[in-house]
Amino acid sequence: MTDTALKSDEVARFLAAHPDFFEQHPELLGDIAIPHPQNGQAISLVERQSMILRGRIGALEAKMAQMIRHGEENDAIADRVVQWARTLLAEADAARLPELALRELMSLFAVPFGAVRVWQVAPAYAGMGAAAAVSDDVKRLASSMVAPFCGSNVGFEPAQWMTAADGSPASDVQSLAMLPLRVGASPEAFGLLVLGSPDKERFHITMGTAFLTRIGELASAALSRLRAEPARG
């Protein structure tokens, strides 16, 4: 049994070292019979090779189809982000931006719940709902975030801010995404955009955040118009 295994290994090494062997001995391709992988019937080596190639081609086609689907999905998301950004750019009244940014974002991406809070706003905007008081813990959390957070709602304070599209309080927020708002590369955040869902898988911890990062950057640029001018020395 050991001798047979050794001879088989030797044959395998020989064929690997001489890939032109069957070109030199084409008559063997039709003579060699091996079991069919499904029904056990004997088939030629050429037929078995064809089956292997068809399997590989099928796997590549499936992978290509998946890549095309992902590309189409990304294109659709990018189109919605551009549409959302265009809406923000067209709004001349800065006081309307928080509510507009949130409402359009929830509508375009079918997000059930959302909220936005900004702090350090100019006195003219201090009475807005988006400028409502926020705890120091939330401010520290927002400033500590280097990327959007996605995951389960484990009692986050921002989850309590959220409302539905009709303005009613959000209920049963199972997952959420928190996007820090900051000016450029500033280490300190001046706000937080929060999206939520009753679906615990909508915003999961392993999901990609590339588009959420872009949305956060665009929201930061738009809502920075509400900030108070920094004091000059």
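Predicted model: local features only at pLDDT ≥ 70, side-chain atom pairs only at ≥ 80, totals over all residues.
How many aromatic pairs does a search of the whole structure find?

1. **The aromatic pair.** The search of the whole structure finds one aromatic pair. Its members are phenylalanine 149 and phenylalanine 156, whose ring centres lie 5.4 Å apart; the planes meet at 65°, so the pair is edge-to-face, given that planes over 60 degrees apart fall in that class. Phenylalanine 149 has a relative accessibility of 25% and therefore counts as partly exposed.

2. Five strands make up an open sheet with antiparallel pairing, in the order S4-S6-S7-S3-S5. The edges are taken by strand S4 (149-152) and strand S5 (163-164); each has a single partner strand, so one side of each is left without a neighbour in the sheet.

3. **The pairing of S4 with S6.** Strand S4 and strand S6 (residues 175-181) run antiparallel and are joined by four bridges. Within this region, glycine 151 stands opposite leucine 176 of S6.

4. **The helix on the sheet.** Helix H5 (residues 97-108) packs on the sheet, where it touches strand S3 (113-118), S5 and strand S7 (191-197). The direction of H5 makes about 155° with that of S3.

5. **Helix H7.** With 14 residues, helix H7 (residues 210-223) reaches 20 Å from its first C-alpha to its last, close to the 20 Å expected at 1.5 Å a residue. Which residues of H7 are buried? They are Leu212, Ile215, Gly216, Ala219, Ser220, Ala222 and Leu223. Seen down the axis of H7, these buried residues fall within an arc of 165°, so they line one face of the helix. Ala210 and Ala221, on the other side of H7, are exposed.

6. **Alanine 110.** Most residues other than glycine have a negative phi. Alanine 110 has a phi near 50°, a positive value in a residue other than glycine. Where does alanine 110 lie? Its place is the loop between H5 and S3. Alanine 110 has a relative accessible area of 55%, so it is exposed, the cut-off for that class being over 50%.

7. **Aspartate 172.** A positive phi, of about 55°, is also found at aspartate 172, although this residue is not a glycine. Aspartate 172 is placed in the loop between S5 and S6.

Terms used
Residues numbered from 1 in each chain as written. Heavy atoms only, no water. Phe/Tyr/Trp six-rings, centres within 6.5 Å; stacked < 30°, edge-to-face > 60°. Buried < 20%, exposed > 50% of the residue type's maximum accessible area, 1.4 Å probe, protein only. Helix = DSSP H or I, 4+ residues; strand = E, 2+ residues; numbered from the N terminus. Expected span 1.5 Å × (residues − 1). Arc of directions from axis to C-beta. Pairing = 2+ DSSP bridges. Contact = heavy atoms within 4.5 Å. Axes fitted to C-alpha atoms, helices over the stretch in contact; angles between N-to-C directions.
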